[in-house]
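Here's a quick tour for anyone meeting this structure for the first time. Have a look at the sequence and the model, then read on.

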Amino acid sequence: MSNTGNDANAGTSQAQAWRTTARVSAAHFQPNDRVLLAGGQVFAGGIWLRGNSQGTPAQPIVFRSYGAGRATIQSDSSYGFYAHNAAGIELRQLNFVGAGRVHSRNSGVVFYLDSAHSNLPHLRFDSLDVSGYRNAGLSIGSWSGTSGYSDVRITNCQLHANGEAGLSSYAEYPLLGHHNWYVGNCSVYDNAGRADVTTTHTGNGIVLSGIDQALVEQCTAYHNGWLNANASGGPVGIWGWNCNRLIIQRCESHHNQSGTALDGGGFDLDGGCTNSILQYNYSHDNQGPGYLLAQFGGAPAMHDLTVRYNISQNDARGYSQGAIELYSSGSNGGIVRADIYNNSVLLDQPANGTAPKAVYVISGGITDVTLRNNILQTAAGLPVLVTSTTTGLRLEGNCYWTPNAALAINWQGALYTSLAAWRAGTGQETLGGTRRDTGICADPFLTATTAVGIVPMTNGLAGYVPRRPSVLMGAGLSLSAEFGIDPGTRDFFGNPAPAPGTAGNIGAAEAQTAVVSTTTRDTPTTAWFQVYPTVIRDEIRVVCEHSLPSSVSFQLFDMLGRECRTWSRPGTQLQDGGLALPVAGLALGHYVLRIQSESHSQRQSLVVAE
């Protein structure tokens with residue numbers, strides 16, 4: 001497609017390009033077809049991909065830009081791209097712009113499935129920018145029993161300035177129609193919510209539902225939700241409900257809001273989530289909870305949840321919510337088996353005079369919920385714990401600290417001002433039938449005073465690591481030996497988790513210093529080298545548009561700082577299509593590529609995924 005094309009052309013080359021989106025919508029595409037839109041040009045009207053256009057995982061139908069820059073689909077009040085009962089589709093390097101969340105009447109990119117007994121594989125959304133739509137920027141849903149999409153990957157996307165959400169998925173409730181999704185390196189922001197909708201939450205960043213097995217990582221959600229008008233519940237930056245095996249990790253969520261008194265938080269595992277994990281995330285300055293577990297009325301069973309090695313600073317800025325918060329309606333057993341451990345919570349007094357809590361258990365309806373090895377630090381007058389129930393809840397091995405003031409603990413209406421008094425009065429922070437005291441009331445010696453900003457695992461977050469003479473080093477309970485809990489492989493910073501049978505630290509850091517930095521003084525303000533893709537499987541491609549007479553070295557490190565690959569190539573090989581570096585055989589996870597020439601140095605975070 002090109003603005004200088006003609007819809008009467010064959011559409012098989014630049015010289016024979018089509019001109020309009022209407023011509024694309026009228027076409028029937030076959031596996032391995034490519035629809036290329038001229039970069040830097042704007043095309044009016046959305047694209048409707050008919051259900052008779054089907055690709056395959058091996059031969060997908062691909063829509064992407066060509067030439068310099070990205071093509072823009074400007075769809076006014078309609079959708080930007082709509083696909084009905086279609087898969088084997090890839091959308092890459094495209095902008096979709098609606099008429100604005102007030103004037104638009106649709107979502108931006110929509111994939112919808114309603115054919116019976118269908119499992120449609122292979123959807124790819126990479127390097128999309130979607131903005132200005134009333135509903136969601138990217139909406140993927142099904143409504144036909146267990147029908148759904150599988151093998152879905154959403155990477156490197158910017159989803160912003162929409163009404164209801166940046167990214168949203170759904171399936172026929174309460175079924176799990178979708179399988180095996182990945183969301184990585186996406187930013188969702190300025191999704192305001194809708195003041196005209198009062199029956200459901202709006203203004204979410206990323207909200208996933210109806211999926212069995214999903215991974216969300218290295219995503220950022222901020223400034224969402226301020227126009228939500230649902231009094232019964234609000235939006236969250238990154239969350240899921242009615243999902244099984246959902247993992248949200250290494251993400252940042254901050255400055256999210258709710259137009260009402262509930263929610264507006266950072267992260268959430270909500271009604272019907274099972275076997276799901278929040279880990280290695282950074283939440284700060286949200287109106288609502290940093291980390292929420294909530295079982296809404298009528299939700300399917302909710303059980304086996306883990307919240308570990310996360311950081312929360314100055315969350316719960318509005319309506320006296322909790323940095324870590326639990327609510328249960330009791331439906332289908334309520335919240336059953338939730339392990340919350342090795343998180344670090346810091347709370348200062350909000351300027352609005354509300355009273356946030358480090359931990360807030362709003363209701364009963366919980367069974368076998370534990371909090372262990374967490375740092376709970378609050379400013380004077382702010383409670384480290386408020387709970388409305390005394391059953392189904394255990395706290396063991398945590399650090400409680402309020403500088404220059406007594407602790408504030410509200411145990412179902414009973415007030416305690418010291419760890420010792422609370423322990424004696426309730427039997428909490430004891431093991432072995434009260435024969436062994438646990439828990440610490442001591443300064444953790446954290447130097448973080450304000451939230452640092454994006455990207456966990458940089459030296460900028462070192463303020464969340466306890467400094468000597470902190471007593472938290474090695475003071476944690478051994479989760480594996482004492483409770484049979486597998487703490488995973490790493491902490492927030494990428495340091496190894498305690499070996500089986502050994503005790504680690506209290507809080508989100510298992511070492512005195514963060515071991516990995518992805519930004520250094522030699523990182524240029526403007527990238528000299530282009531590295532893609534950032535979510536990799538078999539190879540990395542590096543391109544440099546400038547002539548480099550000297551050789552270039554490449555080093556690939558894992559998150560423990562170990563060198564996994566090294567290459568050296570002549571600088572001239574980086575022009576004219578670039579250089580491919582093989583990475584097959586690497587373990588799944590996060591890596592840092594360091595590129596060094598005689599005059600330039602650059603680092604790039606990468607993810608090896610399936």
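In which loop does G298 lie? G298 sits in the loop between β25 (291-295) and β26 (302-308), where strands (E, at least two residues) and helices (H or I, at least four) are DSSP runs numbered from the N terminus.

Before going further, bear in mind that this is a predicted model: local features need pLDDT of at least 70, side-chain atom pairs count only at pLDDT 80 or more, and totals for chains, interfaces and linings use all residues. Residues are numbered from 1 along each chain as its sequence is written, and side-chain values use heavy atoms, with hydrogens and water left out.

**The whole chain**

- The protein chain has 48 strands and 3 helices.
- Its radius of gyration is 25 Å, close to the 25 Å that the globule rule gives for 610 residues, so the chain is as compact as a globular protein of that length. The radius is taken over C-alpha atoms, and the rule is 2.2 Å times the number of residues to the power 0.38.
- Along its principal axes, the C-alpha trace spans about 85 × 60 × 45 Å.
- Of the 610 residues, 57% count as buried. Buried means under 20% relative accessible area, exposed means over 50%, and partly exposed is in between (1.4 Å probe, protein chains only).
- Take the contacts (heavy atoms within 4.5 Å) between residues at least 6 apart in sequence: 76% of them join residues at least 24 apart.
- The accessible surface comes to about 22,300 Å², and 50% of that belongs to carbon and sulfur atoms. These areas come from the Shrake-Rupley method with a 1.4 Å probe; for residues, only the protein chains shown count as cover.
- There are 42 negative and 35 positive side chains, and the centres of the two sets lie 3 Å apart. Lys and Arg count as positive, Asp and Glu as negative, while His and the chain ends are not counted. Each charge is placed at NZ of Lys, CZ of Arg, CG of Asp or CD of Glu.

**The nonpolar cores**

- A nonpolar core here is a set of buried Ala, Val, Leu, Ile, Met, Phe, Trp, Tyr and Cys residues joined through side-chain atoms within 4.5 Å.
- The largest one has 94 residues, and F63, F111 and F125 have the most contacts inside it. Strand β9 (residues 119-131) gives the most to this core, with 5 residues.
- Apart from that core lies another, of 17 residues, including V542, L581, L606 and V608.
- Leaving aside neighbours within four places in sequence, F125 is in contact with residues including L91, V109, F111, L138 and I140.

- V188 is found in strand β15 (residues 187-189), and A221 is in strand β18 (residues 220-222).
- V188 is buried at a relative accessible area of 0%, and A221 is buried with 0% too.
- Not counting residues up to four places away in sequence, V188 touches A221, and its other partners include L159, G166 and I206.
- A221 and H160 are 61 residues apart in sequence and 9.7 Å apart in space, C-alpha to C-alpha.

- G298 counts as exposed, at 53% relative accessibility. Beyond four places in sequence, its contacts are Y173, S329, S331 and N332.
- G69 lies in the loop between β4 (61-66) and β5 (71-76), and G69 is exposed at 53% relative accessibility.
- G69 touches G39 and G40, not counting residues up to four places away in sequence.

- Most residues other than glycine have a negative phi, and most peptide bonds are trans.
- Y280 has a positive phi of about 60° although it is not a glycine. Y280 lies in the loop between β23 (274-279) and β24 (282-284) and is buried, with a relative accessible area of 4%.
- R337 also has a positive phi, near 60°. R337 is in strand β29 (residues 335-341) and is partly exposed at 38%.
- The peptide bond from Y173 to P174 is cis, with omega near 5°. P174 lies in the loop between β13 (165-170) and β14 (178-184).
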